[in-house]
Amino acid sequence: MSDRQQNLFDTQPPQWELDDAEHRRIARVVLSSGPAGEFDYFVPEEFADERKPEVLAQAGRRVRVPLGRGNRPVVGYCVEVAVTSTGGRKLKPVSAVLDTAPLLSPRMLEIGQWIAEYYLAPLGQVLEGILPAGVRGKAGTRETTLFSVPTRVAARMTRLDLPEKQAHALKILAASSKPLALKQWMARAECTSGPISALRKKELVESRVERIDTDPLLEQPVARREALELNPAQAAALETITTALDRREQSTLLLHGVTGSGKTEVYIQAIEKVVSFGRQAIVLVPEISLTPQTVGRFRERFDHVAVLHSHQSDVERHRQWKRIASGDVQVVVGARSAIFAPTPHLGLVVIDEEHETSFKQDTAPRYHAREVALQRTRMDQIPLVLGSATPSLESWHAAGRGDYQLISLPDRVSNLPLPVVRAVDLRDQEHRKWNRGAISRPLHQAMTAALADGGQVILLLNRRGYSTHVQCPACGFVLKCDSCDVSMVFHRQANHVVCHWCDRVEPPPTHCPDCKDANIRYGGFGTQKLEAEVRARFPDARVLRMDTDSMRRPGSHEQALDSFRNGEVDVLLGTQMIAKGLDFPNVTLVGVVNADTSLHFPDFRASERTFHLVTQVAGRTGRGSQGGRVLVQTLSPDHPALVAAMQHNYQAFAASELPEREMLNYPPFGRMARVVIRGPNDQVTLAVADELAGKIRTAGAGTRVMGPAPCTIAKLRELFRYHILVIAPDVAALHKAAAPLAGKLKLPEGVQWIVDIDPVDMM
Ligand SMILES: Nc1ncnc2c1ncn2[C@@H]1O[C@H](COP(=O)(O)OP(=O)(O)OP(=O)(O)O)[C@@H](O)[C@H]1O
Ligand SMILES: [Zn+2]
């Protein structure tokens, strides 16, 4: 038993009391679904025998236990086992131990516990959420029975009177250095299963069940590459990180490096140091960046790299998980959930593009990988490196306060300049006269020039579909989804209108459903319409569109990026998935088709998102010797977030945005929780929301409670939605206000609520 488990039972009895009938071996269990809370069960002798590790009740393994009056069998995670007082309670026994070894290490249980407390989620649900399904289901393995000769039999083997075939089979098994599976044994002994069954009946052999891989993992060898020679800023950054590694205590380093400043090379050289100590590193990147290009950069430099992402099969994930747990892997590169990778001796965690919203999980448990990483590195006393050209204001503010150490890479590698960014003011009459399309005259001219010089062009438009709304000019009717309070979007290729929230699909209307006017208009620009416009304007250019509609097939994302890299595509256009992390030297022009789409979102982070997006997409150009330029089409060229993005001036952005946040005590100053209540009946849902808001107000003195108010998407999938925002000066106050949410709440039929701590999604 580990130290931790003993410590957790504060009633650990002195040795002489262990015989007392009141003292029992007790397993504390949390359920993976169903009622929250911890349940104690008594551990029968058969699951307490250290000599039978495959059925030992132990923290981190799953068990089957009887629940409730009907003793319904349910599955739960054992989180502690200790010999302790039953306190006079009558405990039910554990019915079965389901895992032959712990699925969760004591450290992972500790992290799970932290997540449960911080994000107000039941521990069982958290543990179920942090273990990949393939690991829980042991995908890609099967159970096999292994045979061996017990010592008591081996000692008297010569004296046994056995038929010849049985004697031979037994001799072969005794001579084997390892237990043998039935097939192996039969092959070596050159016998049928007959003699083996006879030996088993006579209890001359022992058997145990083990899991083996159905087919082993093969790693593709990759050509190795030498380390790059760091420029002085990179060398200084590396020096700071290695000093932090040598301190052997937790510290968080914020690596603020402009786009193309060579952050990845700094991470790699820091990890080389970690690996030289025999430790492992975890590198988190946004899912979308898990391209072969990114993964390849690590594979070229380390022998053993594991990749974890959500498109992997269960079998693949399980294999990677086991490889990591065995200590064979030096570097784990993965998306958000890779923060739970079971590295035995973690030495460093790196989060690249740390500002990305995809690091926050949008289903329960609603954790942010950055917060989890902070906890995990604290538990292990190791450094955490957060890298970005556009750090989140949370991280920037923490650095400003001195909680994080700031490292800067102010320039691009090889003295490449940052691209010149110019605004195209769409309010300008001249642009309006020029056309009704999405591409202004200056952007058209810049594209012509770039293509004529053999350069490549990236166009960003953060809206998919063809027309983003369908409206009747006669009566003003806007076509909305029947189930959701959002506009339907016209998709021309499929020739239907679709709800981007619930995927409802309908035929496109030919006249207004309300007033029957035949002039119904399809307005607003989506990526499909932009693609049509580009093809019409530049008939000779090879155009590729990248958005979630065109990238549905597995592997299509990589294929698209490959063809762009190989110069088979001249114009790459798409949603934000083209804005990030790509390193293509031949891109000489980036056009932001409409910078306003994200600027006026009803979300306190709208400016920050816009700043990130424009800065990041601008960073995709000028990465080669031909230089590069950026045009940003906007109706708000004077907006501080856009002005700062156009000047590549993160500090200016932070200086304009932080005071606004401070005034309202929004993050990063205050802490926020968002409670969403949804239900099939509008009035009932609102009444529940009102009641909850009242309870929260009572519980949290000193916190600001806003709402309930209808969510921006006031109806989604037939359910009405209200939200309550709680803003507190610190986490403790936030938790105090949210305390009513932790208890049992009696809710009317169909009404549900969720709580989101540090919310990112405000819709
Ligand atoms: N010291 C160096 N000398 C020469 N080239 C370098 C050096 N460091 C990095 N590079 C190259 O510079 C390019 C940009 O580096 P990298 O992609 O790491 O930048 P980044 O800071 O991560 O950019 P972004 O934030 O835009 O993703 C890469 O092609 C990389 O190989
Ligand atoms: Zn819908």
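## Around ligand 1 and beyond

Of the 19 residues around ligand 1, the ones that come nearest are Thr-259, Gly-262, Lys-263, Thr-264 and Glu-265. Keep in mind that you're looking at a predicted model. Who gives the most to this shell around ligand 1? That's helix α10, running over residues 263–276, with three residues. Sorted by class, the shell around ligand 1 has eleven polar residues, four nonpolar ones and four charged ones.

Now zoom out to the domains. The protein chain is split into domain 1 (3–136), domain 2 (141–213), domain 3 (232–414), domain 4 (416–463 + 526–661), domain 5 (465–524) and domain 6 (671–757). Which of these supply the shell around ligand 1? Domain 3 and domain 4 each put in at least three residues. As for spacing, there are 49 Å between the C-alpha centres of domain 2 and domain 3.

| Helix pair | Axes come within | Crossing angle |
|---|---|---|
| α9 (residues 232–247) and α10 | 9 Å | roughly 35° |
| α22 (residues 682–699) and α23 (residues 731–742) | 8 Å | roughly 140° |

Let's start with α9 and α10, whose crossing is right-handed. On the α9 side, Gln-234, Ala-237, Leu-238, Ile-241, Thr-242 and Leu-245 take part, and they meet Glu-265, Val-266, Gln-269, Ala-270, Lys-273 and Val-274 in α10. This contact of α9 with α10 has seven nonpolar, three polar and two charged residues. Spot Glu-265 in there: this α10 residue meets α9, and Glu-265 is also among the residues that come nearest to ligand 1.

Over to the other pair. The axes of α22 and α23 cross at roughly 140°, which means that α22 is oblique to α23. Here too you'll find a right-handed crossing as α22 passes α23. From α22 come Lys-695, Ile-696 and Ala-699, which meet Lys-736, Ala-737, Ala-738, Ala-739 and Pro-740 in α23.

The peptide bond from Ala-364 to Pro-365 is cis, with omega near -5°. You'll find Pro-365 in the loop between β13 (346–352) and α13 (369–380). There's also a cis peptide bond from Gly-707 to Pro-708, with omega near 10°, and Pro-708 sits in strand β28 (residues 704–716). Then there's Asn-495, which isn't a glycine but still has a positive phi of about 50°. Look for Asn-495 in the loop between β19 (489–491) and β20 (496–498).

How values were computed:
Residues are numbered from 1 along each chain as its sequence is written. Chains are lettered from A and ligands numbered from 1 in the order in which they are written. This is a predicted model: local features need pLDDT of at least 70, side-chain atom pairs count only at pLDDT 80 or more; totals for chains, interfaces and linings use all residues. Axes are lines fitted to C-alpha atoms, for helices over the stretch in contact, and angles run from 0 to 180 degrees between N-to-C directions. Helices (H or I, at least four residues) and strands (E, at least two) are DSSP runs, numbered from the N terminus. Angles under 35 degrees count as roughly parallel, over 145 as roughly antiparallel, 65 to 115 as roughly perpendicular and the rest as oblique. A crossing is left-handed if the near helix is turned anticlockwise from the far one by less than a right angle, and right-handed if clockwise. Two residues are in contact if their C-beta atoms, placed from the backbone, lie within 7 Å. A residue is near a molecule or strand if its C-beta atom, placed from the backbone, lies within 6 Å of it. Ala, Val, Leu, Ile, Met, Phe, Trp, Tyr, Cys and Pro count as nonpolar, Asp, Glu, Lys and Arg as charged, and the others, Gly among them, as polar. Domain bounds come from an automatic or database domain assignment.
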